[in-house]
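User: Could you walk me through this structure, one question at a time?

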Amino acid sequence: MSTLKIHTIETAPQESKSQLEASVKSFGMLPNLHGVLAESPQLLEAYKTLHSLFQNSSFNAEELTVVWQTINVEHACHYCVPAHTGIAHMMNVDPTLTEALRNNEPISNKKLQVLKDTTLSIVRNRGLISDSEIATFYGAGYEQKQLLDIILGVSQKVISNYTNHIANTPVDAPFQKFIWKN
């Protein structure tokens, strides 16, 4: 697997520098993923915009975690599973849920399990999900907005998961304790 350059603020293309400075301000460090994405200022901006939009979508912290980690595990992203484990802890998501997602185990909360199942179906079937799957999703208490918000989450995760596969992005120090193996 190739390893792409991980930029610092100093080595990044000029158009990425302010975005990387904002990352350091937000996270207290420069995430390696952002350093890799900096090579393409447009991709870095797209990722950060999608991340912000998804965080402010109709999902609460648990639901965000379900969508993120379901996609991360399905895509076998060595970088994003530990990162989102740490993020889930920071968002006070129940560690039992986080571990179930990391280990691709059933979720005890039926509504969250439906969210996981729907997310997986969207990813695996490239959006071609059945009417019965949509009816089950709505029957669990979700609405059209949440169905579309899953697609927003998938869009964000495709950028990060695929980039991390190609770049072999090293897991950031704060998330090393959450290393994950597929």
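User: How many of the 14 residues of α4 are buried?
Analyst: Happy to start there! This is a predicted model in which local features need pLDDT of at least 70, side-chain atom pairs count only at pLDDT 80 or more, and totals for chains, interfaces and linings use all residues. Residues are numbered from 1 along each chain as its sequence is written, and side-chain values use heavy atoms, with hydrogens and water left out. Helices are DSSP runs of H or I with at least four residues, numbered from the N terminus, and buried means under 20% relative accessible area (1.4 Å probe, protein chains only). By that cut-off α4 is mostly covered, and the number of its buried residues is 11.

User: Which helices do the buried residues of α4 pack against?
Analyst: The buried residues of α4 include Leu64, Val67, Trp68 and Ile71. Taking contact as heavy atoms within 4.5 Å, the buried residues of α4 pack against α3 (41-55), α5 (80-90), α6 (95-102), α7 (110-124) and α9 (144-167).

User: Which residue caps the N-terminal end of α4?
Analyst: Look for a side-chain oxygen 3.0 Å from the backbone nitrogen of Glu62. A polar contact is a pair of N or O atoms within 3.5 Å, one able to donate a hydrogen and the other to accept it. The capping residue is Asn60.

User: Where is His84, and which residues does it contact beyond its neighbours within four places in sequence?
Analyst: Good one to look at! His84 sits in helix α5 and counts as buried because its relative accessibility is 4%. Leaving aside neighbours within four places in sequence, His84 is in contact with Trp68, Gln69, Asn72 and Lys157.

User: At roughly what angle do the axes of α7 and helix α8 (residues 131-139) cross?
Analyst: Axes are lines fitted to C-alpha atoms over the stretch in contact, with angles from 0 to 180 degrees between N-to-C directions. The axes of α7 and α8 come within 9 Å and cross at roughly 150 degrees. Angles over 145 count as roughly antiparallel, so α7 is roughly antiparallel to α8, at roughly 150 degrees.

Note on methods. Buried means under 20% relative accessible area, exposed over 50%, partly exposed in between (1.4 Å probe, protein chains only). Helices (H or I, at least four residues) and strands (E, at least two) are DSSP runs, numbered from the N terminus. Angles under 35 degrees count as roughly parallel, over 145 as roughly antiparallel, 65 to 115 as roughly perpendicular and the rest as oblique.
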